[in-house]
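Hello,

Here is the structure I promised to pass on to you. Have a look at it first, and then read on for what turned up in it.

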Amino acid sequence: MALDVALKEWQSVCRLLAQGRQSVLLRKGGIQEGPGGFAIKHNAFALLPTRLHQDASMLRPEFHDALEPGDDEPARFDVTHGCRVSDIHVVPSRDTLDRLSPFHPWGASYLDLRWNYRPERPLYLVVVRTFALSEALVVTNTYEVAGCRSWVPIADDVARTTFGEPVLAEAAHTAIQSAIVGMLET
């Protein structure tokens, strides 16, 4: 299956996913998501590493090594990894986010921000399995890509790549899924 869409995510998060140090995403929606908020429109997607809204103070210190210097958006994005959605869970409480800390890099201030943003909408924990792409992509920062939006199209001429090797073995990913479900049930 060729990829034709990318999820914009913090550059540091993309790097941590690619390193197997992170297994989940938190989503509620961006400014341009529309009245319905965020939706998982794609079960497989490339990861577009953005610096938009990335803030070192929102990451726990042990994850600062994943940050690249700079805060400007580049003219072109290097896209090397993608994800397949394994599970989607509604986060039942703010305390749950703290229990899930082995699977994400975010500090308390970021978790508070995400939890309290539009409190009438659910916060989703998206469990993903990350893969190297069979061929790295370069995506130009066009109008369709720029700004605060989650899903961005990948131009037809570069959308021929597919998933290559998984970052984590199947057994490791399954163990993570089970641990997350256990934490959500407590």
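Let us start at a single residue. Ser101 sits in the loop that runs between helix 2 and helix 3 (108-116). With a relative accessibility of 26%, Ser101 counts as partly exposed. Ser101 and Arg60 are 41 residues apart in sequence, and their C-alpha atoms are 9.8 Å apart in space. Please keep in mind throughout that this is a predicted model.

Now for the overall layout. The protein chain contains four helices and seven strands, and along the sequence they follow the pattern β-α-β-β-β-α-α-β-β-β-α. Of the 186 residues in the protein chain, 45% are buried. If you take the contacts between residues at least 6 apart in sequence, 86% of them join residues at least 24 apart.

Next, the charged pairs. Side chains of opposite charge can pair when their charged atoms come close. How many salt bridges does the structure hold? There are eight salt bridges, and I will walk you through some of them.

One of them joins the side chains of Glu9 and Arg27, with 2.9 Å from N to O. Glu9 belongs to strand 1 (residues 5-10) and Arg27 to strand 2 (residues 24-27), so this pair ties together parts that are 18 residues apart in sequence. Are the two partners buried or exposed? Glu9 has a relative accessibility of 6%, so it counts as buried. Arg27 is buried as well, at 11% relative accessible area.

Another salt bridge is found within a helix. The closest N and O atoms of Arg94 and Asp98 are 2.9 Å apart. In general, an α-helix has 3.6 residues a turn, so residues three or four places apart point the same way. Arg94 counts as buried at 15% relative accessibility, whereas Asp98 is partly exposed at 40%.

A further salt bridge pairs Arg129 with Glu170, and here the closest N and O atoms are 2.6 Å apart. This pair links distant parts of the chain, with Arg129 in strand 5 (residues 124-140) and Glu170 in helix 4 (residues 170-185), 41 residues apart. Arg129 is buried, with 14% relative accessible area, while Glu170 is partly exposed, with 46%. There is also a network: salt bridges that share partners join Arg15, Arg51 and Glu68.

Helix 4 deserves a visit of its own. It has 16 residues and spans 23 Å from its first C-alpha to its last, close to the 22 Å expected at 1.5 Å a residue. Which residues of helix 4 are buried? They are His173, Ile176, Gln177, Ile180 and Leu184. Looking down the axis of helix 4, you will see that its buried residues fall within an arc of 100°, so they line one face of the helix. Ala171 and Glu185, on the other side of helix 4, are exposed. The elements that cover the buried residues of helix 4 include strand 2, strand 4 (76-90), helix 2 and strand 5.

A search of the whole structure turns up one cavity of 30 Å³ or more. The largest cavity holds about 60 Å³ of space. Its lining includes Leu17, Gly20, Gln22 and Ser23, together with Val128, Arg129 and Thr130, and also Val167, Leu168 and His173.

Last comes an open site. The second largest pocket has a volume of about 360 Å³. It is lined by 16 residues, and the closest to its centre are Gln11, Arg15, Pro49, Glu68 and Asp78. Helix 1 (11-19), strand 3 (44-50) and strand 4 are the elements that each give two or more residues to this lining. Strand 4 gives the most, with five residues. Arg15 and Glu68 are also part of the salt-bridge network described above.

I hope this helps you find your way around. Happy exploring!

Best wishes

Technical notes: Residues numbered from 1 in each chain as written. Predicted model: local features only at pLDDT ≥ 70, side-chain atom pairs only at ≥ 80, totals over all residues. Heavy atoms only, no water. Salt bridge = Lys/Arg side-chain N within 4 Å of Asp/Glu carboxyl O. Buried < 20%, exposed > 50% of the residue type's maximum accessible area, 1.4 Å probe, protein only. Expected span 1.5 Å × (residues − 1). Arc of directions from axis to C-beta. Contact = heavy atoms within 4.5 Å. 1 Å grid on protein atoms, 1.4 Å probe; cavity = no way out; pocket = protein on both sides within 12 Å on 5 of 7 lines; lining within 4 Å. Points joined across faces, edges and corners; volume = space filled by probe spheres on them.
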